[in-house]
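The following note sets out some points on the structure shown below.

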Amino acid sequence: MRIIQLLPTISYGDAVSNDTIAIQSVLKEMGYKTEIYAESIDVRFSKKVATHISKMPKLNSNDIVIYHMSTGAQLNWDFGKFECKKVMIYHNITPPEFLMKYNDRAAIQCSEGLRSLKWLADKVDYCIAVSEFNKRDLIEYGFKCKIDVLPIVIPFEDYDKESDPVLDRKLRSDKKKNIIFTGRIAPNKCQQDVIKAFADYQRYYNSESRLILIGSSNGYSNYRKRLESYVNALGINDVIFSGHIKFAEILSYYKTADLFLCQSEHEGFCVPLVEAMYFDVPILAYDSTAIFDTLGGAGIIMHNKNSLETAGLMNKILTDNDLRQTIIDNQRERLADFDNNKIKETFKILLKENVL
């Protein structure tokens, strides 16, 4: 019996890819012969990490395929036709309506992903959803098989690496309050709402503040240009679009951050929330999709997007030391739920109970 993992694309540093690689190590610990196959493989990976799908051996009824579902791809349809035990790990698919104005190709891809997700509903033997929100999504799309919820495995050991010392000094030297949000520059992340709340905070509470939007705008350069125009129209200072940067620079931004502000309207899990917890950065987030699930009672949740109210909350968190410490303490408690060993052991149990 072989256990094979499949995904359309395996990318360096991507949350879905990290989860796939972590599961690979668990399967090997369990003594199974296992491989990762993908249609597209990041060139920074060694040939030992993953193999192109064209080289996948013929499957038989004793094999198990674990498919990581997160977008539209031909592989979605191929997976449903395999004559073996089929397990799906669902990471969610961005609703295409978020993307249509900015990236037609991505919108069509997501639309196809949702269409294939509905088609797969009666073809999968067992599902793992990475959040309760994702589980509800699967049920809505007609899945009747057993669905368990298990967070993705996050490589915390990477966060203990050295940050960029030059950037560290630069961010600390002027003593400005650093507000950050991490996530690709994309419409579903709603960076415009982060910018508006920051504008009100800077205007009414603290002119000595800086907003840092961490993430690549690849595929959404037109959306980034609109954001930059919005910054200029609002007349605010010190807004940084990091673009694609080195990991050491990402670590610097987290280590010097005073607040993590999330206004995203679609997340299947949202790893940056957990990253903020790891670095003791207090979180203020809009309640949408999987945000509530991932926070699990930590951080502060907002149920509306009134930018003035958000700015007031930002100021309260940044000036009330007791409140700030309470938030950090709660986040540390929640962070324990994402312990890698705990998640890996739970995955082993779920696999044995439902698949093996």
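1. A salt bridge is taken here as a side-chain nitrogen of Lys or Arg within 4 Å of a carboxyl oxygen of Asp or Glu. The model is a predicted one, and by this rule the count comes to 20 salt bridges.

2. One of these joins R210 and D174, whose closest N and O atoms are 2.3 Å apart. The two residues belong to distant parts of the chain, 36 residues apart: R210 is in strand β9 (residues 209–214), while D174 is in the loop between α5 (165–173) and β8 (177–182). R210 is buried, at a relative accessible area of 7%, whereas D174, at 30%, counts as partly exposed.

3. A salt bridge also forms between the side chains of K189 and E267, with an N to O distance of 2.9 Å. K189 lies in the loop between β8 and α6, and E267 in the loop between β11 (259–262) and α9 (271–278), so the pair ties together parts that are 78 residues apart in sequence. Both K189 and E267 are buried.

4. R334 pairs with D337 in a salt bridge, the closest N and O atoms being 2.9 Å apart. R334 counts as buried, at 16% relative accessibility; D337 is partly exposed, at 34%. Elsewhere, a network of salt bridges links E29, E345 and K348.

5. Helix α7 (residues 221–234) has 14 residues and reaches 20 Å from its first C-alpha to its last, close to the 20 Å expected at 1.5 Å a residue. Its buried residues are Y223, L227, V231 and L234. Seen down the axis of α7, these fall within an arc of 90°, so they line one face of the helix. On the other side of α7, K225, N232 and A233 are exposed.

6. The packing partners of the buried residues of α7 are α6 (191–204) and β10 (239–241). After α7 comes G235, which has a positive phi, near 70°.

7. T94 is located in the loop between β5 (85–90) and α3 (104–119). This residue is buried, with a relative accessible area of 12%. Neighbours within four places in sequence aside, T94 is in contact with L99, C110, R184, N188 and H266.

Terms used
Residues are numbered from 1 along each chain as its sequence is written. This is a predicted model: local features need pLDDT of at least 70, side-chain atom pairs count only at pLDDT 80 or more; totals for chains, interfaces and linings use all residues. Side-chain values use heavy atoms; hydrogens and water are left out. Helices (H or I, at least four residues) and strands (E, at least two) are DSSP runs, numbered from the N terminus. The expected span of a helix is 1.5 Å times one less than its number of residues. Buried means under 20% relative accessible area, exposed over 50%, partly exposed in between (1.4 Å probe, protein chains only). The arc is that of the directions from the helix axis to the C-beta atoms. Contact means heavy atoms within 4.5 Å.
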